Amino acid sequence: MDVTLHLAQEPEADELLGRSPLAALVGMLLDQQVPMEWAFAGPHTIARRLNADDLDAHEIAAYDPDEFAALLSTKPAVHRYPGSMAKRIQQLCGYLVEHYEGDPTALWENAASGKELLQRLNDLPGFGKQKSQIFLALLGKQLGVRPEGWREAAGAYGEPDAYRSVADITGPESLQRVRTHKQQLKAAAKSSGK
């Protein structure tokens, strides 16, 4: 994995996301209740605070939970809820260590189908169906991970030329198109009383 992503909208943070599968997974995990750019800049902030140039699942899983929470809470905080997100990141890394020897690429390297990969993503702590489908679409659209049936497994997020999620963001213009789509969804939900 060594591509250019544009999710954090910060060159150094995006560079890390493009070369580090764990950073991309952690960014996706953080992508809730905060702006997308803040979430995807998080892995770079964590790596800097660990004095590392990448994230390591073994190191994070073994980190003292209180110290890891403090690391994420240091201003500027990595997330709006740094304590709970620190716990989720450690759970994710612990799961990767236990099931994939700490190597996130093992999630997809031998997945026989998009459906199987989606199930593996769904099994990750902190990943529900929507988050898993979006990450699967990101893998397929931008990171070259395309097991048979990946688009179908990713649902609407896998559709070509859709601007629904982070999977479709390749620069400022597409970021704005995704934001517009999300605003339209919110407006439609509000007007229908949901």
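This briefing describes the fold, core, helices and loops of one protein structure.

The model is predicted, so local features need pLDDT of at least 70, side-chain atom pairs count only at pLDDT 80 or more, and totals for chains, interfaces and linings use all residues. Residues are numbered from 1 along each chain as its sequence is written, and side-chain values use heavy atoms, with hydrogens and water left out. The protein has eleven helices and zero strands. Helices (H or I, at least four residues) and strands (E, at least two) are DSSP runs, numbered from the N terminus.

**Overall shape and surface**

- From the N terminus on, the order of elements is α-α-α-α-α-α-α-α-α-α-α.
- A compact globule of 194 residues would have a radius of gyration near 16 Å, and the 16 Å of the protein agrees with this. The radius is taken over C-alpha atoms, and the globule rule is 2.2 Å times the number of residues to the power 0.38.
- Along the principal axes, the C-alpha atoms fill a box of roughly 45 × 40 × 30 Å.
- The accessible surface is about 9700 Å², and 48% of it belongs to carbon and sulfur atoms. Such areas come from the Shrake-Rupley method with a 1.4 Å probe; for residues, only the protein chains shown count as cover.
- Of the 194 residues, 48% count as buried. Buried means under 20% relative accessible area, exposed means over 50%, and partly exposed is in between (1.4 Å probe, protein chains only).
- Among contacts between residues at least 6 apart in sequence, 55% join residues at least 24 apart. A contact means heavy atoms within 4.5 Å.

**The nonpolar core**

- The largest nonpolar core has 63 residues. A nonpolar core is a set of buried Ala, Val, Leu, Ile, Met, Phe, Trp, Tyr and Cys residues joined through side-chain atoms within 4.5 Å.
- Ile46, Ile89 and Phe135 have the most contacts inside this core.
- Not counting residues up to four places away in sequence, Phe135 touches Ala24, Leu25, Met28, Trp108, Leu121 and Phe127.

**Helix α2**

- Helix α2 covers residues 21–30. Ten of its ten residues are buried, so α2 is largely enclosed by the rest of the structure.
- The buried residues of α2 include Ala24, Leu25 and Met28, which are also among the residues that Phe135 touches.
- Leu22 belongs to α2 and counts as buried, at 3% relative accessibility.
- Leaving aside neighbours within four places in sequence, Leu22 is in contact with Leu55, Asp56, Ala57, Cys93, Leu96 and Pro104.
- Leu22 and Ala69 are 47 residues apart along the chain, and their C-alpha atoms are separated by 18 Å.

**Helix α5**

- Helix α5 spans residues 65–73, and its residues Phe68, Ala69, Leu71 and Leu72 are buried. Seen down the axis of α5, the buried residues fall within an arc of 155°, so they line one face of the helix. The arc is that of the directions from the helix axis to the C-beta atoms.
- On the other side of α5, Asp66 and Glu67 are exposed.
- The cover over the buried residues of α5 includes α3 (36–49), α4 (57–62) and α6 (82–100).
- Asp64 caps the N-terminal end of α5, with a side-chain oxygen 3.1 Å from the backbone nitrogen of Asp66.

**Helix α11**

- Helix α11 runs over residues 172–191 and contains Ser174. Ser174 counts as buried, at 7% relative accessibility.
- Beyond its neighbours within four places in sequence, Ser174 is in contact with Tyr163, Asp168 and Ile169.
- Ala189 also lies in α11 and is partly exposed, with a relative accessible area of 27%.
- Ala189 and Leu72 are 117 residues apart in sequence and 33 Å apart in space, C-alpha to C-alpha.

**Loops and backbone details**

- The peptide bond from Lys75 to Pro76 is cis, with omega near -5°. Pro76 lies in the loop between α5 and α6.
- Gln33 is in the loop between α2 and α3. Its phi is near 60°, a positive value in a residue other than glycine. Gln33 is exposed, with a relative accessible area of 52%.
- Asp161 sits in the loop between α10 (150–153) and α11. Phi of Asp161 is near 55°, again a positive value in a residue other than glycine. Asp161 is exposed, with a relative accessible area of 71%.

Definitions and conventions:
Polar contact = N/O pair within 3.5 Å; in protein donor to acceptor, adjacent residues only side chain to side chain.
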